[in-house]
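Here is a short tour for someone meeting this structure for the first time. Have a look at it, and then we'll walk through a few spots together.

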Amino acid sequence: RDKLNALARKHEVPVQVTGLGSIFGIHFHRGPIRNAGDLDRGEHGREAAIGNLKKLYHLDMLAAGQYISRRIMGNLSIETSEGEVGDFCNAFDEFLTTRGELVRTALA
C-alpha cells in the first residue's frame, strides 16, 4: 500500500490505497479517507465516471498480466514474492503514467 500510494503522489493522481493486513483497496478519490462515508461523498455525482475508471483499471491490469477484481480490491498471500509485488507496482505505475490525466479530469 505504501509503495502504491507513493506512486500516486509522484504522479499527482487522486488515487489512494487503503486496507488492513494483506487486504487492499484502490480508490479514485480526492481528500482523506477515514470511513466509507468519505468515499460515498467523494463519489457523489461521479458514480459513472468512477465506475468507468474501475473498469479501465481492471482491464489495463489484466493486459499487464495482473489480476485484480473489478471492484479493484485485492489481497496478498504468504506466497506472494517481492518480484510479484514489484510487477504489480510497475503495472500500477504504468497505469498512472498513461491514464493519470484521465483520472485527474474525472475527479476534477
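Is leucine 59 buried, partly exposed or exposed? Leucine 59 is partly exposed, because its relative accessible area is 46%, where buried means under 20%, exposed over 50% and partly exposed in between (1.4 Å probe, protein chains only). Keep in mind that this is a predicted model, where local features need pLDDT of at least 70, side-chain atom pairs count only at pLDDT 80 or more, and totals for chains, interfaces and linings use all residues. Residues are numbered from 1 along each chain as its sequence is written, and side-chain values use heavy atoms, with hydrogens and water left out.

Leucine 59 sits in helix 3 (residues 47-63); helices here are DSSP runs (H or I, at least four residues), numbered from the N terminus.

Now for the rings. Phe, Tyr and Trp rings (for Trp, the six-membered one) pair if their centres lie within 6.5 Å; planes under 30 degrees apart count as stacked, over 60 as edge-to-face and the rest as tilted.

| Pair | Centres apart | Angle of planes | Kind |
|---|---|---|---|
| Tyrosine 57 and phenylalanine 92 | 6.2 Å | 80 degrees | edge-to-face |
| Tyrosine 57 and phenylalanine 95 | 4.8 Å | 90 degrees | edge-to-face |

Tyrosine 57 belongs to helix 3 and phenylalanine 95 to helix 4, 38 residues apart, so this pair links distant parts of the chain. Tyrosine 57 is buried at 0% relative accessibility, and phenylalanine 92 is buried too, at 1%. Ring pairs join Phe28, Tyr57, Phe92 and Phe95 into a cluster.

Notes. Helices (H or I, at least four residues) and strands (E, at least two) are DSSP runs, numbered from the N terminus.
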